[in-house]
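Subject: Structure handover

Hello,

Please find the structure below. My notes on it follow.

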Amino acid sequence: MGVELGLLGEVTARVDGREVELGPAKLRCVLAALAVDVSRLVPADRLVERVWGADAPRRGRRTLYSHISRLRQALSGINAVTVVSRAGGYALEVDRPEEVVDLHRFRALRDRASGSTRAEEPLTAALALWRGPALTGLDGEWAEAERDRLERERLAVRHDLTDTRLRLGQGPGLLAELASLADDHPLDERIAGQFLLALHQAGRTADALERYRRLRELLVEDLGTDPGAALQDLHRRILAADPALSVTTTTTPVVPLQLPAAPAMFTGRETALTELDRALVADPSPTAGSCATAVISTVGGTGGIGKTWLALTWAHRNRQRFPDGQLWADLRGFGPGEPKQAADVLADFLAALGVDRDHQPQDADARAALYRTHTAGRRMLVLLDNAATAEQVVPLLPGGDACTVLVTSRHRLPALLTRHGAHPVHLDVLTGAEARSLLHAALGDTRALGAEHAVAELIELCGGFPLALGLIAARVRADRGLLGDVVEDLRALGLGALDSDSPDASLPTVLSYSLRRLTEEQRTVFGLLGIAPGPDIALPAAVALTGLPEAGAHRTLAALEEASLIVRRPHGRYAMHDLVRSYAADTARTMPDEVRGTALRRVVDFYLHTSCAGERVLDPHRPAIALDPSTTRPQVLAGTQEAFDWFDTEHLNLLAAQRTAGAHGWHAAAWQLGWALFTFHDRRGHVHDQLAVALHAVAAGGHLDEPDVHVLTHRLAGMAYAGLSRFPEAVEHLNRSLALAEHQGDLLSRGRNHRALAWTWRNAGNNHQALHHAVLALEAHRLLGNPVEEALSRCLTACYAAYTGHYERAAEDCEIGLRQCRRYGIPQGEAAILSTMGYIGHHTGHHHRAIRDYEAAMALHRSLGDMCHVADVLTQIGHPHAALGRHDQARASWQEALEMYVDQGRGEDAGHVRRQLEESGRPSK
């Protein structure tokens with residue numbers, strides 16, 4: 001049974017030559033809207049928009065369903081055509097659409113003609129399918145836009161047929177047609193070129209040259225421009241009587257096979273390979289009025305990350321998809337010498353496609369146009385490796401929409417994404433498993449050699465960087481016994497161990513190519529980022545480091561990201577791979593000492609002043625320290641949550657900033673950073689980091705002749721030791737701080753030291769000694785008349801009186817202390833009092849009241865971000881729950897406390913809670 005669906009004219013359906021009654025125009029529009037995308041899902045909403053446009057009925061989907069039902073009824077009995085429902089839309093399923101639907105037959109004939117030596121026949125047949133304007137009888141925005149788009153396709157095929165006939169030397173027979181077209185479209189340079197060539201082939205060269213002269217005058221007069229490059233080149237060739245203009249091309253199309261060999265040691269990258277597969281099979285579904293383009297994918301990443309290996313591997317795995325051949329070029333965007341010019345690459349590509357170099361246009365635009373002509377409709381792969389810029393790539397994009405283009409570059413080439421719809425694939429380092437597979441592929445079974453430890457360390461030192469792993473594998477492949485020596489060199493020399501006299505075997509040299517296209521300012525910033533403290537950096541810190549205005553720093557960071565030298569992470573942070581960072585640090589060493597030192601001092605000042613401001617937000621009642629004026633603008637932290645977020649994010653950078661300050665002899669900044677981090681570390685439970693920064697602060701303070709600094713830093717160290725249950729060291733530092741304070745007559749510091757000693761002795765299990773120091777602290781602060789310090793000390797006397805069993809005295813201190821904390825706005829003190837009240841309630845049999853007070857204390861601690869004390873209260877609240885028989889609630893609290901203690905590195909506390917869980921009758925998770 002012969003079935004035909006007509007779109008190239010009036011929308012019709014015929015069976016064995018008999019027309020099927022389709023009914024009203026809207027029903028024909030539904031058929032057309034499905035037929036143009038035959039066998040592909042058309043979402044229901046898009047179908048409604050195509051059929052009704054802005055006049056869609058209020059219940060568009062219901063109306064559409066009614067029309068679909070009527071269309072199915074009209075097409076019933078035609079086995080070759082079916083309207084099917086799919087998720088969210090409909091599809092017109094057609095057996096052999098290129099035989100059934102005239103539009104798809106037209107396109108199949110057009111594609112068959114592309115690259116064929118006998119293109120005239122299929123092009124003529126394609127044009128013969130048209131019975132008038134497409135979609136005749138249909139109205140609406142979509143129908144009009146689709147009709148215009150299809151008309152452009154028809155005109156393109158008509159022009160292709162004319163070009164084909166001209167290549168066959170049939171110009172004389174086309175003169176009448178082209179003369180009419182040229183008169184109707186006097187400024188269309190393609191038609192003008194065809195007419196000039198027809199005149200020349202008919203022996204009317206003088207008329208052709210005169211026609212060109214008149215066209216040039218018209219273009220200058222009307223548009224103020226000369227003819228385009230292609231028409232100028234044709235004029236030149238006519239003047240030179242180029243014999244190729246009259247030569248009939250009858251040679252068989254050349255199928256180029258230019259791909260280099262696939263990399264032997266390629267491994268992993270399954271996600272990236274899948275992304276490239278998806279890009280190839282994805283249907284861009286061009287909207288009405290748009291032009292279909294080749295599938296373009298860009299593979300980006302830093303030098304040595306494996307872009308070329310990925311591209312070649314994918315290309316070889318998919319060769320069968322490109323029966324018309326593969327073109328390849330190393331554009332030399334990053335390497336020795338200058339990048340290749342697009343015109344030179346085009347010459348090579350055209351030669352590979354069978355165009356004699358003597359017959360190629362000299363003009364670059366004309367050469368690109370000829371290249372597009374020879375690639376249009378051909379299913380080819382064009383692999384453009386190592387591109388410098390999008391401008392280098394664009395002239396090399398093939399014609400039509402049948403080709404696939406794969407571009408690799410260290411730059412992200414955003415112009416290809418925005419203007420040409422490229423699919424970006426960004427490469428990062430190899431995973432641990434992928435790195436291990438690469439080494440095993442190169443070295444064999446390292447387990448048999450007992451070298452697994454060396455391999456593991458090698459993977460860690462290289463950070464999954466493919467080129468680094470490949471270079472080392474190449475060095476030890478001949479003698480696997482050298483693996484340990486290579487690892488030792490890498491451990492000792494870092495990036496220097498990967499250097500070589502051969503540029504291709506030297507990672508520093510490969511990375512250096514990325515810097516060649518940077519400005520001097522960008523190179524400077526790249527080097528400074530390599531020595532900046534911490535693993536990453538945010539824009540405000542980068543502004544401080546570089547001394548640039550915010551907008552300038554942002555532009556420079558964006559340029560370095562575009563060059564794949566840095567990676568942008570969530571929340572506006574920038575980072576480098578460790579090996580790239582090592583190279584950046586090497587470049588920084590070539591800068592003047594003053595430039596490096598000034599930049600580092602600025603960023604350390606930024607971290608110091610911002611962290612001190614954050615400390616004031618977290619604990620506004622803590623006595624402030626005096627800072628030198630900042631050399632940069634600190635970041636504004638508006639509230640507690642914002643301050644905690646900043647400290648959490650910048651934590652590693654702050655630790656590194658303190659070490660940087662100490663290494664450069666900026667002793668004041670080093671101890672002040674230790675002071676600024678105290679509350680954050682305390683509330684987050686970072687006990688090990690607390691000790692490290694405190695000891696750095698003590699060491700830095702030791703270089704200064706400032707007794708008050710010694711008092712402060714030794715108190716910080718003592719409290720840090722106490723947090724780790726290292727009580728002898730804690731007491732030693734606190735007693736030293738207390739003695740210094742007494743020697744100076746510093747009553748405030750004396751009171752704060754007694755408070756620290758009280759807390760330390762409590763943690764050591766000596767509640768009576770703890771109460772003794774708490775009372776001394778309270779007395780000192782009452783003498784000072786400092787209500788805030790008095791309230792904080794009252795919290796301790798209440799707590800330790802309760803721990804020694806003096807519940808009435810503790811309750812009295814709780815009442816006074818709670819009133820003082822609320823009066824003076826001391827939420828951390830209020831939370832401590834409420835926790836003590838919970839303890840008193842539990843130990844006096846008021847378990848419900850204890851739970852209420854513990855929960856109130858915990859809510860306050862959470863609001864302060866004080867997760868250290870949240871864990872402590874979770875431990876305590878389990879006891880009144882257990883006393884009330886709520887064993888599940890008790891265990892849930894202890895389990896949560898255990899997890900927090902483990903996260904905070906508080907091993908002794910974790911062990912205590914683990915024993916509670918075991919004693920409660922069930923093993924802990």
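Is Ser-737 buried or exposed? Ser-737 is buried, because its relative accessibility is 0% (buried means under 20% relative accessible area, exposed over 50%, partly exposed in between, with a 1.4 Å probe and protein chains only).

On the source: this is a predicted model, in which local features need pLDDT of at least 70 and side-chain atom pairs count only at pLDDT 80 or more, while totals for chains, interfaces and linings use all residues. Residues are numbered from 1 along each chain as its sequence is written, and side-chain values use heavy atoms, with hydrogens and water left out.

Ser-737 sits in helix α33, residues 727-744 (helices are DSSP runs of H or I with at least four residues, strands are runs of E with at least two, and both are numbered from the N terminus). Apart from neighbours within four places in sequence, Ser-737 contacts Val-711, His-714, Arg-715 and Asn-753 (contact means heavy atoms within 4.5 Å).

Helix α23 (residues 520-531) has 12 residues and runs 17 Å from first C-alpha to last, close to the expected 16 Å (the expected span is 1.5 Å times one less than the number of residues). The buried residues of α23 include Val-525, Phe-526, Leu-528 and Leu-529. Among the elements that the buried residues of α23 pack against are α22 (507-515), β12 (536-538) and α27 (593-618).

Helix α36 (residues 787-803) has 17 residues, and its end C-alpha atoms are 24 Å apart, which agrees with the 24 Å it should span. Of those 17 residues, 16 are buried. At the N-terminal end, Asn-786 caps α36, with a side-chain oxygen 3.2 Å from the backbone nitrogen of Val-788. Just after α36, Gly-805 has a positive phi of about 90°.

Salt bridges

The count is 44 salt bridges (a side-chain nitrogen of Lys or Arg within 4 Å of a carboxyl oxygen of Asp or Glu). Arg-86 and Glu-93 form one of them, at 2.1 Å from N to O; Arg-86 is partly exposed at 36%, and Glu-93 is partly exposed at 25%.

Arg-601 and Asp-605 form another, at 3.3 Å. These two are about one helical turn apart, because they lie four residues apart in helix α27. Arg-601 is partly exposed at 27%, whereas Asp-605 is buried at 4%.

Arg-726 also pairs with Glu-729 in a salt bridge, with the closest N and O atoms 3.2 Å apart. Elsewhere, salt bridges with shared partners link Arg-107, Arg-110, Asp-111, Glu-146, Arg-149 and Glu-153 into one network.

Regards

Technical notes. Polar contact = N/O pair within 3.5 Å; in protein donor to acceptor, adjacent residues only side chain to side chain.
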